[in-house]
Amino acid sequence: NVRADTSGGSIEIGNATGDITADTSGGNIRVGEAGGRVGLDTSGGTIRAAWAEGPISADTSGGNIFLAGSATRVEADTSGGNIEIEASTGPVVADTSGGRIEIRNASASIEADTAGGSIDAELVNVPDGVRATVNLDTAGGDVTIRIPADHAATVRANLDVSRRARRDYRIYTDFPLTIREDDDGDIIGEGDINGGGDRITLEATNSDIHILSTGN
């Protein structure tokens, strides 16, 4: 196991067969692969981490987060940057107040929230018996979800369109969903894919929503 703690600088750690813990109040954090758990926290920098066999948690108040992913669970939180997660075989939770979120190769549930950017998430190879619920919510950008063509899901997409919107916003889908406009002018897309299953909830404001098929 490796533990590093500093109040005034960056932290760089190579590969570890056990757990990695790194905490700094004023710098970037970069770590290699871990055979166990990974916990990374900084108040003023970017976080980069390679693959972790255990759960990985990354938290920064002032930078971007780039994670290769985890075999069990990924949690990423930043108040001032983008989040990129390359893969996860367990649940993913990503939250930022000021950037975009990109999640690739996720095979379990996804929860992503941003107040100031787009969200682009991808489900792949969800094992039988694994819950793959998806909740994507942004007030400041497009939402894109990529789903295998044979994945069973129940979709509810809500596009909040203000009266002062500068252009027409839409829900684009590769699947046979019902698209309608409600009494407030919001656009709703809903329906079952392949008979229904995991719940997928998408929320956006004055942007577009894309529900895309990635093929079998």
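Good morning. In the largest pocket of this predicted model, the lining comprises four nonpolar, five polar and two charged residues. Here Ala, Val, Leu, Ile, Met, Phe, Trp, Tyr, Cys and Pro count as nonpolar, Asp, Glu, Lys and Arg as charged, and the others, Gly among them, as polar. A pocket is an open set of points on a 1 Å grid over the protein atoms alone, where a 1.4 Å probe fits, with protein on both sides within 12 Å along at least five of seven lines; lining residues have an atom within 4 Å of a point.

Eleven residues line the largest pocket, and Val-124, Asn-125, Val-126, Pro-148 and Asp-150 lie nearest its centre. Its volume is about 180 Å³, that is, the space filled by probe spheres set on grid points joined across faces, edges and corners.

A word on conventions. Residues are numbered from 1 along each chain as its sequence is written, and side-chain values use heavy atoms, without hydrogens and water. Because the model is predicted, local features need pLDDT of at least 70 and side-chain atom pairs count only at pLDDT 80 or more, while totals for chains, interfaces and linings use all residues.

I turn to the strands. The protein chain has zero helices and 22 strands; both are DSSP runs numbered from the N terminus, helices being H or I with at least four residues and strands E with at least two. Ten strands form an open sheet with parallel pairing, in the order E2-E4-E6-E8-E10-E12-E14-E16-E22-E18. Two strands pair if DSSP finds at least two bridges between them. At the edges, strand E2 (11-13) and strand E18 (171-173) each pair on one side only. Within the sheet, strand E10 (residues 83-85) and strand E12 (residues 101-106) pair in the parallel sense over three bridges, and Ile-85 has Ile-103 in E12 as its bridge partner.

Ala-94 has Ala-112 in E13 as its bridge partner, while Asp-113 has Asp-137 in E15.

Finally, the whole chain. Buried residues make up 46% of its 216 residues, and its C-alpha atoms fill a box of roughly 55 × 40 × 20 Å along the principal axes. Thank you.

How values were computed:
Buried means under 20% relative accessible area, exposed over 50%, partly exposed in between (1.4 Å probe, protein chains only).
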